[in-house]
Amino acid sequence: MTKALCLLLGVLLMSSLWANIALASTFPPQIHKRWAVIICGWLGFMYDPDTIYDLLTTQFHFDEVMYLSTSFATNISNPRVSDMANKENVRWALSSWLSRSDGDDLVFVYVSSHGGGCNSTGQLCGGRVDTDGDEPLKDYWDGTKWVGVDESIFLQKYPSDPPDFEYYWDDEMKEDLSTISFGRLVVMFQSCKTENSTSELSCFSGGFISDLQGVNRIILTCTTEKDPGFGKPIDLVYVDAYGVPWWQATGGFSNPFFKSLVWLSQEFQNADINNDFIVTIKEAFEYAYSHDIYRQVGWETPLLEDTVDPSLYEGALAWLTSFDKSEDQPTRIPPDINDDGYVNIKDAVIFGYAFGAQIDPHGEYWRDGEGPFDSNNDINDDGYINIKDAVILGVNFGIGLAEDTGSSSVSPSTKLGSDYLTVLKVQPAENIFYTNQTGVGGTFTVSIIAENVSDLCGWEFILEWNPGVINCTGETINYAFWPYYLGPWLSNPMNNAEGRYHQSLSANYPSEPFDGTAWLVNLTFQIVQAPPEGETVSTDLTISPTLGQSYCLIDTNTSEIAHTFSHGTYEYISPPPKRYMRGDTQTVNSLTAYNLGKNQSSTEKLESVEAHGSNMAYWGVRVWKRNTEGVETEITSGTPVAQVSRSRNGYGIQTAAWDCPNTTLALTDSIVIRVYCKNGRSWILIATFTTEQLNATALKPATWTLNYWTQRNYAWTEEGWMTIADYGWGTTAYNSHIQNFKIQQ
Amino acid sequence: MGGLRVNFKNLIIFSLFICLGASLFINVFFCMQTLDLRNEIEKQKDQINNLTSQIDSLNDQIDDLMHTRNFTFELPHHFGFLRMELTFRISEGNLSITAKLNQTQCGFVLVFDRNGDGAITIHDEGWLLYGSSKYLPAYVTNITSGEYGFPMCLPFSSSFHYSTEDENEITFHISFPLDTLGLQNDLAYVSAEGVLGRGVLFHFNLEV
């Protein structure tokens with residue numbers, strides 16, 4: 001038995017190792033040769049390109065470096081520069097010259113210049129209206145609709161006033177880079193980008209992300225699409241052939257970024273979070289982000305984009321990429337303790353139970369006689385598994401490696417067929433609200449419940465909904481599982497723009513695992529979208545695990561606890577619109593008739609049709625639209641529809657349906673309804689009803705439900721035995737009305 | 001018997017002539033003297049008018065001096081030293097500044113304590129002024145080192161300054177409406193592109 005168990009564990013261990021090796025060996029690709037294209041498109045920004053050129057050539061020893069600079073325009077003596085940074089050369093360098101790179105090469109593109117786009121007040125500043133639909137931000141009003149705007153890089157021809165430059169569009173850069181092969185592509189933008197504007201500062205470099213992001217690509221920008229980027233003067237002055245000095249500036253973001261790359265500098269040591277003497281792109285970005293003084297005062301926001309999967313946070317690929325040569329490239333994401341490519345709840349659980357351990361003289365991590373614990377838990381490699389490591393884990397929580405599979409996450413529907421004792425569910429499962437009871441802005445709460453769980457040491461889940469329908473406005477986390485816990489691991493768990501909530505909590509030593517049923521989180525949602533009249537807005541509330549996992553609950557061994565997913569739904573219903581047959585009259589489009597209004601009157605009306613003998617009594621309606629000229633066009637086909645009948649004596653509401661077709665209306669048209677009764681051989685008009693001028697463009701196709709108050713009496717009268725067919729309307733007692741009367745405003 | 005006989009009648013007539021002559025003489029004398037005095041009075045009036053004009057002019061000068069301050073600074077610079085000659089003047093609700101720099105191709109940094117916290121910090125938006133009436137917002141990030149930052153955008157057109165330039169110097173002519181500046185004190189910081197280390201922090205000593 002023991003041997004069998006050992007064998008099983010061995011197989012599992014080998015499988016796990018094989019999976020890790022397979023992941024590591026296939027994705028992301030390893031780095032072989034390193035290429036760089038440095039573009040300085042504006043004369044005042046040569047300091048940063050010079051700095052990175054020197055670093056790449058003298059410290060990192062890149063295999064191939066192409067430096068294109070506008071300094072050629074003024075014959076500035078700069079031995080680093082290969083050629084003029086005009087559009088022809090730049091396009092050639094990013095396509096033809098880089099075409100020699102292979103699928104296991106690192107390609108680095110650095111851009112420093114001004115540029116253009118659409119500024120925060122909606123003005124075109126060196127941008128152009130997007131025509132291929134690849135700009136997700138529709139921020140420019142072209143006179144008829146909101147459209148996206150292509151961003152550009154300015155390539156200065158010659159320093160002059162007004163500036164003389166060429167536009168290098170984001171679509172062109174996207175096209176050029178699509179022709180080359182690489183294992184890792186790093187594109188970095190520094191310097192601000194704006195055309196001369198007196199309205200609002202903008203830089204636009206963040207706008208390149210939507211064009212350039214992709215698998216195995218890392219995009220770094222000094223700021224967002226709408227914010228300005230800042231720099232400062234530097235003690236470097238170029239003097240051109242005419243003796244004119246050109247002052248240089250360095251970027252608030254790029255300056256600390258490059259400083260952190262300088263081997264063993266103080267900045268290098270501070271940036272090297274895991275003390276492995278490699279400053280990765282991730283570490284350099286984090287260092288530059290935290291040391292960017294303009295970011296600190298909220299003026300610019302450097303961005304890192306390295307995954308195409310929206311369910312993953314940025315940083316995993318950047319952790320595995322540096323400018324170092326192939327043998328010095330990082331091989332593991334430091335906070336990814338179990339090395340499965342994702343920093344998630346499994347790592348948190350492993351970490352939580354190693355918390356407090358420290359290294360012994362043999363290089364092993366122990367805590368009060370327990371151990372040894374995996375040295376990967378000591379993320380910053382300082383000999384202690386402590387809060388410093390927890391901070392790094394927390395900051396990186398949610399990052400992961402994802403190939404472009406076309407799917408953002410593991411589809412939860414594939415697991416719905418499974419039937420496990422443990423259930424992770426949304427409660428209440430149905431969240432139904434009506435517009436006449438709950439207005440937009442109203443709130444409701446759902447709980448995420450773990451039912452019949454055992455050995456629970458951590459949880460992490462994603463709840464998704466259709467964005468724009470509801471917003472998640474509050475979370476209440478149940479911390480009562482464990483007396484000691486780590487987390488919540490996501491500091492910004494709610495993403496209403498994407499319609500996603502992502503959160504996680506894990507046990508911390510010496511807590512015991514949890515058994516039983518309990519709620520994990522209570523989430524408050526706010527209704528933000530009203531349904532059209534008579535219709536429903538709905539969304540699923542779908543629980544899913546994070547990428548790389550099949551389930552959301554983790555046990556002591558960081559194994560996933562298999563469970564069934566029980567999702568929820570939300571519906572916001574506008575009840576079918578009604579039109580009441582009222583007892584008062586109105587004149588609309590030259591027709592005086594009873595009012596077909598939105599609420600019932602208190603004027604009782606009763607009309608009778610009498611006929612000899614015992615007859616079946618029928619009631620029905622015909623429908624017209626009527627214009628201001630008094631011209632009526634019948635929508636029904638000449639005979640009453642939605643007929644009800646009585647063959648025996650009786651009274652009360654009777655209902656019948658009629659499919660109203662889509663009917664185009666002029667804004668001043670009204671709808672006229674005539675109620676007919678047949679008591680014997682022919683239909684007799686009982687009453688005519690008219691709406692107001694509807695100010696609508698159409699009657700929407702809908703199934704109307706006609707509610708008639710009818711009565712049949714077969715009785716002896718002075719004229720003999722007669723059938724008396726009554727029709728009543730105008731009060732709640734004679735509540736004749738039409739349901740689902742839908743119009744298109 | 002003959003001898004001088006005094007005719008009393010003649011004596012009276014003679015005396016009357018003498019008196020008349022004396023009277024005429026006196027009248028003529030006083031008439032002449034009155035004319036002189038009138039001339040003198042006119043002269044004095046002219047002098048008074050001149051003195052009044054001079055007093056007015058001096059008052060204007062005093063008033064002018066009370067609202068104008070001049071400063072000269074010399075700062076270490078890439079090309080030796082930078083001499084700044086600054087004139088601050090408040091007139092008709094405007095703060096006018098003239099800054100003459102002995103370097104061309106040199107942006108002029110000007111920052112006021114806009115938020116009135118008694119210091120020049122990154123939160124006080126200033127200006128990096130260029131020639132051709134262009135500028136960028138400037139922010140002093142480190143008053144000790146003199147480091148300042150600016151949005152790395154193309155400079156904007158300015159409606160509040162212009163510059164004149166010759167072979168060796170550039171002069172910025174700047175004018176801000178005081179109510180748009182909203183200054184709460186007279187603290188200012190000036191520097192320029194190419195200045196080594198910090199610029200100058202000073203009070204320009206005008207009532208704002």
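Predicted model: local features only at pLDDT ≥ 70, side-chain atom pairs only at ≥ 80, totals over all residues.
User: Which residue of chain B stands opposite Phe230(A)?
Analyst: E14(A) is joined by 2 bridges to strand E7 (residues 147-151) of chain B, and the two strands run antiparallel. Strands of a sheet pair through backbone hydrogen bonds, either parallel or antiparallel. In E7(B), the residue opposite Phe230(A) is Pro151(B).

User: How far apart are the centres of domain 1 and domain 4 of chain A?
Analyst: The assignment for chain A gives domain 1 (26-328), domain 2 (333-396), domain 3 (412-573) and domain 4 (578-744). Taken over C-alpha atoms, the centres of domain 1 of chain A and domain 4 of chain A are separated by 71 Å.

User: What distance lies between the C-alpha centres of the domains of chain B?
Analyst: Chain B is divided into domain 1 (8-66) and domain 2 (69-203). Between the C-alpha centres of domain 1 of chain B and domain 2 of chain B lie 62 Å.

User: Is the crossing of H3(A) and H4(A) left-handed or right-handed?
Analyst: The axes of helix H3 (residues 87-95) and helix H4 (residues 170-177) of chain A come within 8 Å and cross at roughly 35 degrees. The handedness of the crossing of H3(A) with H4(A) is right-handed.

User: How do the residues of the contact of H3(A) with H4(A) divide by class?
Analyst: H3(A) brings Arg91(A), Leu94(A) and Ser95(A) to the contact, and H4(A) brings Glu172(A), Met173(A), Asp176(A) and Leu177(A). By class, these residues divide into 3 nonpolar, 1 polar and 3 charged.

User: Is H11(A) roughly parallel or antiparallel to H12(A)?
Analyst: The axes of helix H11 (residues 345-354) and helix H12 (residues 387-396) of chain A come within 11 Å and cross at roughly 175 degrees. Angles over 145 degrees count as roughly antiparallel. Therefore the orientation of H11(A) to H12(A) is roughly antiparallel.

User: How many nonpolar, polar and charged residues does the contact of H11(A) with H12(A) have?
Analyst: In H11(A), Asp347(A), Ala348(A) and Phe351(A) take part, and they meet Asp389(A), Ala390(A) and Leu393(A) in H12(A). The contact of H11(A) with H12(A) has 4 nonpolar, no polar and 2 charged residues.

User: Which strands stand at the edges of the open sheet of 7 strands in chain A?
Analyst: The order of this sheet is E3-E2-E1-E4-E12-E13-E16 (chain A), and its pairing is mixed. An edge strand here has a single partner strand, so one side of it is left without a neighbour in the sheet. The edge strands are strand E3 (83-84) and strand E16 (303-305) of chain A.

User: Which residue in E2(A) stands opposite Ala36(A)?
Analyst: Strand E1 (residues 34-40) and strand E2 (residues 64-69) of chain A pair in the parallel sense over 6 bridges. In E2(A), the residue opposite Ala36(A) is Val65(A).

User: Which residue in E48(A) stands opposite Leu699(A)?
Analyst: An open sheet of 3 strands has the order E41-E44-E48 (chain A), with antiparallel pairing. Strand E41 (663-664) and strand E48 (743-744) of chain A stand at its edges. Strand E44 (residues 698-699) of chain A is joined to E48(A) by 2 bridges. In E48(A), the residue opposite Leu699(A) is Ile743(A).

User: Where is Pro488(A) found?
Analyst: The peptide bond from Gly487(A) to Pro488(A) is cis, with omega near 0 degrees. A cis peptide bond also joins Gly371(A) and Pro372(A), where omega is about -5 degrees, and Pro372(A) is found in strand E19 (residues 370-373) of chain A. Pro488(A) is found in the loop between strand E25 (485-486) and strand E26 (494-495) of chain A.

User: What is the phi of Asn275(A)?
Analyst: Asn275(A) is found in the loop between helix H7 (266-271) and helix H8 (281-291) of chain A. Although Asn275(A) is not a glycine, its phi is positive, at about 50 degrees.

Note on methods:
Residues numbered from 1 in each chain as written. Chains lettered and ligands numbered in written order. Domains from an automatic or database assignment. Axes fitted to C-alpha atoms, helices over the stretch in contact; angles between N-to-C directions. Helix = DSSP H or I, 4+ residues; strand = E, 2+ residues; numbered from the N terminus. Left-handed = near helix turned anticlockwise from the far one by under 90°. Contact = placed C-beta atoms within 7 Å. Nonpolar A, V, L, I, M, F, W, Y, C, P; charged D, E, K, R; others polar. Pairing = 2+ DSSP bridges. Parallel < 35°, antiparallel > 145°, perpendicular 65-115°, else oblique.
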